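Reader: I would like to learn how to read a model like this one. Please take me through the sheet, the domains and the spaces.

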Amino acid sequence: MLTQRTWSVRTRLTLIAVAVAVLAGLVLTVAATLSLYSLADVYQARQTGDVVLKTIELTVHGNPPAELREESLVGIQVLDPAGRVVSSTPGLRGAPRMAEFTPPPGSVRSSMETCSIPRFSGRCVVVVAFRIHRPDGDWIIYSAADVVPWYVHPGLFTVIVGTYLLLVVLAGLGVYHTATRVLAPVNAIRDELAEITATDLGRRVPVPPAWDEIRRLALTINATLDRLEAAVEQQRRFASDASHDLRSPLTAMRAQVEEALHYPQDTDWKGKAREMLTSLDRLQAIVSDLLMLARLDSGAPAARGPVDLRDLCEEELGRRRRRVEVVRELEPGVTVAGNRLQLTRLLTNLLDNAERHAASRITVSLAAREGTAVLEVLDDGAGIARDQREVVFHRFARLDASRNRDAGGTGLGLPIAREIAQAHGGTLTLEDSAQGARFVLRLPLNR
Ligand SMILES: Nc1ncnc2c1ncn2[C@@H]1O[C@H](COP(=O)(O)OP(=O)(O)O)[C@@H](O)[C@H]1O
Ligand SMILES: [Mg+2]
């Protein structure tokens, strides 16, 4: 059975329209019939008055003829003071007086509705009685006219009801067709969406031309699909880059093992083990960076606490001797709320990169500016071309110069560093400098 819940929007709209049309039409039909009825009634009364006036005149000025020539009314009778019918219209010839009532004393006119006059065989009429004062006594004139029925006239009533029903049908059909047309794009969008899967995210739902809610819905869906497609594409590239980077050290290790097994006698096993350790280190570095990124991507909250950035820098710089000179310009008391391990990881990567690319010196500076901690790591190396400044933050991106300089990098350090900065509500950017690369980390101060 159909329940309210399973009715389509179109059915519901149509039913509402029909219900409204039925109610409104009913009110209009009743109002129209009532006003027509009262108009017809007033008209009928005036007509009767006009017709009877002639008979009244005849009666006032003398005795009226026995037969009254008046066909437009159902009937007229004139009664003398003794109550005898002295004249009547042809249809009432020989009939007894049609009514017993007379206008009450002092009044000249009164009326009554009746359906029981035998001569009219069941026809309902309004009988109006007039009192004429004459020297020989009061004469009475009865006139009978058809009662106006509530529906006024069968033909007229049929037209009114017919128009009413036609309007109801038109309202229903109109809303049904409009709803069908308006909802067609929604169905098209649904059909398209139902077919889109993770492998064909390039498809888009049709956008209707009219500027309405449905068009906005379609545009929003398409924008969402754009973002989904970009995200899926990024994941796909990431997975393929990761596999590629993991495969290289594995292939190297496999070749080493195969060669050693082939010539066991000629093999320097200790040397081989050391070579393989290098490959294992690289594998380990990649896997731990991947894990770190996965954890940052998942948005899992890390423990937070106040971290004094100067302490952190001193600690990190004091860990080991650097290949180049390190200049420190560190303001004291610059504290942020954050995860110490993650911030250390960020700083290590910036310092290691700088050390790797510096010619002779790294400058690390720290200051608090307008509620923000600003930490800069500057080196005096070749720097990074302006058009590569965003590229180095892409996952697995390594500029050609670095590949030659150091084969051990993963290309994940800067993306991880930026994710950490963003997880702390801050930013990590590459900015202009006279020489070398200048990385600037901005974090909100701990208050
Ligand atoms: N201080 C720097 N000077 C010049 N190039 C840099 C510097 N820091 C990073 N880069 C470039 O950005 C790339 C990405 O850095 P990173 O994500 O840390 O990866 P990795 O250090 O493993 O190569 C590096 O390979 C290098 O080409
Ligand atoms: Mg690095």
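Author: Start with the sheet. Strands and helices are DSSP runs numbered from the N terminus (strands E, at least two residues; helices H or I, at least four). Two strands pair if DSSP finds at least two bridges between them. Here five strands form an open sheet in the order 2-1-5-4-3, with antiparallel pairing. Strand 2 (85-88) and strand 3 (109-114) stand at the edges with a single partner strand each, so one side of each has no neighbour in the sheet. The twist averages 20° from one strand to the next. This is a predicted model: local features need pLDDT of at least 70, side-chain atom pairs count only at pLDDT 80 or more, and totals for chains, interfaces and linings use all residues. Residues are numbered from 1 along each chain as its sequence is written, and side-chain values use heavy atoms, without hydrogens and water.

Reader: Over how many bridges do strand 4 and strand 5 pair?

Author: Strand 4 (residues 125-134) and strand 5 (residues 137-146) pair over ten bridges, in the antiparallel sense. V128 stands opposite S143 in strand 5.

Reader: What packs on the sheet?

Author: Contact means heavy atoms within 4.5 Å. Angles run from 0 to 180 degrees between N-to-C directions, with axes fitted to C-alpha atoms, for helices over the stretch in contact. Helix 1 (residues 9-60) touches strand 1 (75-79), strand 4 and strand 5, and its direction makes about 150° with that of strand 5.

Reader: How is the chain divided into domains?

Author: The bounds come from an automatic or database domain assignment. They give domain 1 (201-300) and domain 2 (305-444). Their C-alpha centres lie 24 Å apart. The contact takes 13 residues from domain 1 and twelve residues from domain 2.

Reader: Where does the second largest pocket lie?

Author: On a 1 Å grid over the protein atoms alone, a pocket is an open set of points with protein on both sides within 12 Å along at least five of seven lines; a cavity is a set where a 1.4 Å probe fits but cannot get out; lining residues have an atom within 4 Å of a point. Both domains give residues to the lining of this pocket, so it lies between them. Among the lining residues are R237, D241, R395 and E419. Helix 3 (213-262) and helix 8 (413-423) each give two or more residues.

Reader: And which residues line the largest cavity?

Author: L309, L312, L343, L346, L347, L375 and L441 line the largest cavity. Helix 6 gives the most, with three residues.

How values were computed:
Chains are lettered from A and ligands numbered from 1 in the order in which they are written.
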